[in-house]
There are 2 protein chains.
Amino acid sequence: MTKNNCGLRHIVVMWRVKVAGLSLVAVSLSVELLVWLLRRLRPRKALNEALFFPSEIACVEHIFTPSSPHSCVCFLPHGVETSFSRLLRHILSTSSSLDLCVFAFSNMDLSRAVLALYRKGITIRVLADKDYTAITGSKIGVLHKAGICVRCNANSVHMHHKFALVDGRLLITGSLNWTLQAVQGNMENVLITEEPDLVQPFIKEFHRLWVLNDPAQCPKPSDQKPTQVFTKTSN
Amino acid sequence: MTKNNCGLRHIVVMWRVKVAGLSLVAVSLSVELLVWLLRRLRPRKALNEALFFPSEIACVEHIFTPSSPHSCVCFLPHGVETSFSRLLRHILSTSSSLDLCVFAFSNMDLSRAVLALYRKGITIRVLADKDYTAITGSKIGVLHKAGICVRCNANSVHMHHKFALVDGRLLITGSLNWTLQAVQGNMENVLITEEPDLVQPFIKEFHRLWVLNDPAQCPKPSDQKPTQVFTKTSN
């Protein structure tokens, strides 16, 4: 009996050790699973950025030619990160498509950025205001001549938007018209976001306006103004 | 021995039942903990909304007098939810403070909304563009006469912002000036967000501009234009 009791005690102790071991394994597995699930379920934080203007005046040549950042010898300050350089970088980050819907577009650096993207093979669509397009200094004609697909509003008082959609992913919008005065003179804001709840409605609205201002869809072509020569239907 | 063996088997079976029970309890507790943690760690989704204009023209009387929504007998469509009615609702949702930074402000309904909030005791600060303030139809003078604290920009070409901060929590911004033409005529956008990464920089910028345009802080009072009679330093 004593031998049996010893054996029994031994078995009980062993079981207790096994239970403790199993519990430890269960706890460590649960913690690992929890960490893995949290990593999987927590969404990647969307980019949200606000820029304010007037922007500090600085050379932006290094943004256009990152391979030779010290090549420019102009008199402006170099290597300074400004609201405008941030805006340029976001636009130049486009890798597949750029949709622009801008009331006033006369800024040379922004025009240069759009043309550089176009030469890289980026799909670009521009919706412009018909009245502002006709103004001296507007870059809409330059973009059109380069081959970029441009449409102008036909029916509304003003196409007063100032937004861009980068790769259907990033929204750039705000009060800032794409002019030198807006960038260097005015108090303005630009908001940059990847938030899908904000980006998606703008994509939908761009598509709606793009179709709406397609001359092929217009019931009365005779109503269209001369500025609509900038319209292409190939995109 | 047979009796002992039976007792031993019984103990082993009981231990196995206990282990199985403990495992079930451990699993259910882990699942409960996981659900609780996920609920705690997943942040409340911030409001993000995009409105597009021109807005459908409809009566907004029921928004100002929600207690008697059918009192208006005007000829406009009633009970229609439009971009403009959404914008009005967001502004009228203010419960403690409203900071406005708007280039052009001539819209009667928006002016009525701001005055209604002021009469309810809401703290209101308005930053306006000095040139647009002097234009016939601007509501900035009306707001100032009612006692609302208004400051105008002194140094920049244009104070071209069009944003509002509701209770330091909600940002309303976009291309839309607070005019009738913008609301009913133009293609415009308004973006409404609670996203702290977007709201906080606008709060900071408003504060910066508010201090910058405080006449008491200006080094050269003689430079200030007549429109700055709208400036109050009491807030």
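Predicted model: local features only at pLDDT ≥ 70, side-chain atom pairs only at ≥ 80, totals over all residues.
On the side of chain A, three residues stand out: Trp15(A), Phe52(A) and Met187(A) supply 17% of the area that chain A buries against chain B, more than any other three residues. Charged side chains also take part, with two salt bridges counted between chain A and chain B. A salt bridge between the chains pairs the side chain of Lys45(B) with that of Asp197(A), at 3.2 Å from N to O.

Within chain A, attention turns to a pair of helices. Two packed helices are described by the angle between their axes and the distance between the axes. Helix α3 of chain A spans residues 83–92 and helix α4 of chain A spans residues 108–119; their axes come within 10 Å and cross at roughly 20°. Angles under 35 degrees count as roughly parallel, so α3(A) is roughly parallel to α4(A). The crossing of these two helices, α3(A) and α4(A), is right-handed. From α3(A), the residues in contact are Phe84(A), Leu87(A), Leu88(A), Ile91(A) and Leu92(A), and they meet Asp109(A), Leu110(A), Ala113(A) and Leu117(A) in α4(A). Sorted by class, this contact of α3(A) with α4(A) holds eight nonpolar residues, no polar ones and one charged residue.

Phe84(B), Leu87(B), Leu88(B), Ile91(B) and Leu92(B) make the contact from α3(B), while Asp109(B), Leu110(B), Ala113(B) and Leu117(B) make it from α4(B). The residues in this contact of α3(B) with α4(B) are eight nonpolar, no polar and one charged.

Over all chains, the structure holds 20 salt bridges. One of the pairs joins the side chains of Arg112(A) and Glu61(A), with 2.9 Å from N to O. Arg112(A) lies in helix α4 of chain A and Glu61(A) in helix α2 (residues 61–64) of chain A, so this pair ties together parts that are 51 residues apart in sequence.

Some details of the backbone complete the tour. In chain A, Phe53(A) and Pro54(A) are joined by a cis peptide bond with omega of about 10°. Pro54(A) sits in the loop between β1 (48–53) and α2 of chain A. In chain B, a cis peptide bond joins Phe53(B) and Pro54(B), again with omega of about 10°, and Pro54(B) is found in the loop between β1 (48–53) and α2 (61–64) of chain B. Another detail concerns Asp167(A), a residue other than glycine whose phi is positive, near 55°. Asp167(A) belongs to the loop between β5 (162–166) and β6 (170–174) of chain A.

How values were computed. Residues numbered from 1 in each chain as written. Chains lettered and ligands numbered in written order. Heavy atoms only, no water. Axes fitted to C-alpha atoms, helices over the stretch in contact; angles between N-to-C directions. Helix = DSSP H or I, 4+ residues; strand = E, 2+ residues; numbered from the N terminus. Parallel < 35°, antiparallel > 145°, perpendicular 65-115°, else oblique. Left-handed = near helix turned anticlockwise from the far one by under 90°. Contact = heavy atoms within 4.5 Å. Nonpolar A, V, L, I, M, F, W, Y, C, P; charged D, E, K, R; others polar. Buried area = accessible area lost by both parts, 1.4 Å probe. Salt bridge = Lys/Arg side-chain N within 4 Å of Asp/Glu carboxyl O.
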